[in-house]
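Thanks for making the time, everyone.

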Amino acid sequence: MERVDVAILGRDYSLACPPEEKDALLAAVRLVDQRMLAIKGVGKVASNERIAVMAAIQIANELLSMRAPDGPLGNIALGDFKGKIESMNEVLDEVLGTAV
């Protein structure tokens, strides 16, 4: 595990993750920080706890709308993405003749 120091809404946090997941973690931290800063910028929510809850609800809503049957991802569960992407890459490799 690798230690990653980040700041969210001006507060420092120390997180741990596998090295291969560091970029994804940092992207998630940026998304959460940006969303929380935007909510704080509106000025209607005062406490950081409420800002965090509002940001979590917004992000969860976006995720669920993407998973909805009429959303761009259909009924694909998040755990299935890696397998589906690997399968698509294999098909592309075969079509392009670059299979290893």
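This is a predicted model: local features need pLDDT of at least 70, side-chain atom pairs count only at pLDDT 80 or more; totals for chains, interfaces and linings use all residues.

Let me start with Glu62, which counts as partly exposed at 37% relative accessibility, where buried means under 20% relative accessible area, exposed means over 50%, and partly exposed is what lies in between, with a 1.4 Å probe and protein chains only. Residues are numbered from 1 along each chain as its sequence is written, and side-chain values use heavy atoms, with hydrogens and water left out.

Glu62 forms a salt bridge with Arg35, and the closest N and O atoms are 2.9 Å apart; by salt bridge I mean a side-chain nitrogen of Lys or Arg within 4 Å of a carboxyl oxygen of Asp or Glu. This pair links distant parts of the chain, with Glu62 in helix H2 and Arg35 in helix H1, 27 residues apart. Arg35, for its part, is buried, with a relative accessible area of 16%.

How many salt bridges does that rule give? The count comes to 3. In another of them, Lys22 is paired with Glu2, and the closest N and O atoms are 3.2 Å apart; here too distant parts of the chain are linked, since Lys22 sits in helix H1 and Glu2 in strand S1, 20 residues apart. Lys22 is partly exposed at a relative accessible area of 28%, and Glu2 is partly exposed at 26%. There is also a salt bridge between the side chains of Asp5 and Arg3, at 3.2 Å from N to O, where Asp5 is exposed with a relative accessible area of 53% and Arg3 counts as exposed at 61%.

Now for the chain as a whole. It has 3 helices and 2 strands, and from the N terminus on the elements run β-β-α-α-α. Buried residues make up 16% of the 100 residues in the chain. The accessible surface comes to about 7700 Å², of which 58% belongs to carbon and sulfur atoms; accessible areas come from the Shrake-Rupley method with a 1.4 Å probe, and for residues only the protein chains shown count as cover.

Helix H1 covers residues 22-42, so numbered along the DSSP runs, and its 21 residues reach 31 Å from the first C-alpha to the last, close to the 30 Å expected at 1.5 Å a residue, the expected span being 1.5 Å times one less than the number of residues. Which residues of H1 are buried? They are Val29, Asp33, Arg35, Met36 and Ile39, and they lie on the same side of H1 because they cover an arc of only 165° around the axis, the arc being that of the directions from the helix axis to the C-beta atoms. These buried residues pack against strand S1 (2-8), strand S2 (11-17) and helix H2 (48-67), with contact meaning heavy atoms within 4.5 Å. The face turned away from the buried side carries the exposed residues Asp23, Ala24, Gln34, Gly41 and Val42. After H1 comes Gly43, whose phi is positive, near 85°.

A further positive phi belongs to Leu9, near 55°, in a residue other than glycine. Most residues other than glycine have a negative phi. Leu9 is found in the loop between S1 and S2, and at 10% relative accessibility Leu9 counts as buried.

Finally, helix H2 again. Ala56 has its place there and is partly exposed at 45%, and its C-alpha atom is separated by 7.9 Å from that of Val32, 24 residues away along the chain. Val53 also lies in H2 and is partly exposed at 44%.

Definitions and conventions. Helices (H or I, at least four residues) and strands (E, at least two) are DSSP runs, numbered from the N terminus.
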